[in-house]
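My notes follow the order in which I looked things up.

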Amino acid sequence: MRNINEDTITQAVLASMEQCHNPRLRTIMTSLVQHLHSFARDVKLTEDEWFSAIKFLTDVGHITDDARQEFILLSDVLGLSTLVTAQNNVKPAGCTEATVFGPFFIEDAPEYPLGADISNGACGEPCFVSGRVMSTDGTPLAGVTVDVWQSDEDGYYDVQRPPTAPGEHVHRARGKLTTDSEGRYYFKSILAQPYPIPHDGPVGAMLEALGRHPWRPAHLHYMLSAPGHERLITHVFRDNDQYLDSDAVFGVRSTLISDWVRHDEGTAPDGTTMDRPFHTLKYDFVLNPA
Ligand code: BEZ
Ligand code: FE
């Protein structure tokens, strides 16, 4: 294998992988190399441009740590996360649609009883959220783990706030609940607001260079896990948000947009008296049997 040139390099790399014993890895790497080489030929990539790309990816790596996942952001703003989510979540009509996961989920969110205030002091206008979880035949699903997480009024998730000790955050506006015997879930939190994805790093610079904004429409994240059903990762969006048609990460689905109703002070759904305006959101989910 000598004197490889512009015309023979692709075939040479593909041939070098012929001994790979993992068929899926070989399929993926063969296609990746073919597409990468086609891309470089197509745009006639210069050496300076190639080096800028290496520097960009190096910067993405350097800014990434346990609290900041710049590679997920990159995948999100390039639409790759939405593409992978969409092609792996084809569901029968009537099922709730999935959307992007995002980088702010944590495994060990606090567990709360139904009706609890999961805001735990996060800033924002009060919001009472409720709904039911059902199977495709309408059967209510009891015992479903409902993981929810959202940003506060300032547009920050708890994990973006300064830690109380290295790697430790007070968990605010996130929690795990369990549906009751009729498939119901309900909790108190705060009103979600639009927020910009972290844009002080290389991905933000790329958006700026492309003339794009970093904003996401207001939403509440859900992960629903029920025995015998496919896990659902999705959001519910606030109707009339100015960014619904230009979400920086391409995550909006019409079926996931809901009316978050504003109420003047008075009696809240949990029977308490509110001395300030509050909001309510009702959203039901239909899970796909596994
Ligand atoms: C989020 O909704 O939390 C999110 C999704 C993609 C990129 C950044 C944030
Ligand atoms: Fe989010």
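This is a predicted model: local features need pLDDT of at least 70, side-chain atom pairs count only at pLDDT 80 or more; totals for chains, interfaces and linings use all residues.

The residues around ligand 1 are Leu73, Asp76, Gly102, Pro103, Phe104, Tyr157, Tyr195, Ile197, Arg216, His219, His221 and Val249. I sorted this shell by residue class and got seven nonpolar, three polar and two charged residues.

Next I looked up polar contacts to the oxygen atoms of ligand 1. For Tyr195, an N or O atom of the side chain is 2.7 Å from a ligand oxygen. For His219, the corresponding distance from a side-chain N or O atom to an oxygen of ligand 1 is 3.0 Å. His221 also has a polar side-chain atom, 2.9 Å from an oxygen atom of ligand 1.

I then asked how much of the area of ligand 1 the protein buries. Ligand 1 exposes 260 Å² when taken alone, and the protein buries 100% of that. I checked the cavities as well: the largest one is the space taken by ligand 1.

Which elements give two or more residues to the shell around ligand 1? I found helix H4 (70-77) and strand E7 (219-225).

I turned to the sheet that holds E7. This sheet is open and has five strands, in the order E3-E2-E7-E8-E9, and its pairing is mixed. At its edges I noted strand E3 (174-178) and strand E9 (257-258), each of which pairs on one side only.

Last, I looked at the pairing of E2 with E3. Strand E2 covers residues 145-149 and runs antiparallel to E3, and five bridges join the two. Within this pair I noted that Val148 stands opposite Gly175 of E3. As a reminder to myself, strands of a sheet pair through backbone hydrogen bonds, either parallel or antiparallel.

Notes. Residues are numbered from 1 along each chain as its sequence is written. Chains are lettered from A and ligands numbered from 1 in the order in which they are written. Side-chain values use heavy atoms; hydrogens and water are left out. A residue is near a molecule or strand if one of its heavy atoms lies within 4 Å of it. A polar contact is a pair of N or O atoms within 3.5 Å; within protein, one must be able to donate a hydrogen and the other to accept it, and residues adjacent in sequence count only if both atoms are side-chain atoms. Accessible areas come from the Shrake-Rupley method with a 1.4 Å probe; for residues, only the protein chains shown count as cover. On a 1 Å grid over the protein atoms alone, a cavity is a set of points where a 1.4 Å probe fits but cannot get out, and a pocket is an open set with protein on both sides within 12 Å along at least five of seven lines; lining residues have an atom within 4 Å of a point. A molecule sits in a cavity or pocket if more than half of its atoms lie within 2 Å of its grid points. Helices (H or I, at least four residues) and strands (E, at least two) are DSSP runs, numbered from the N terminus. Ala, Val, Leu, Ile, Met, Phe, Trp, Tyr, Cys and Pro count as nonpolar, Asp, Glu, Lys and Arg as charged, and the others, Gly among them, as polar. Two strands pair if DSSP finds at least two bridges between them.
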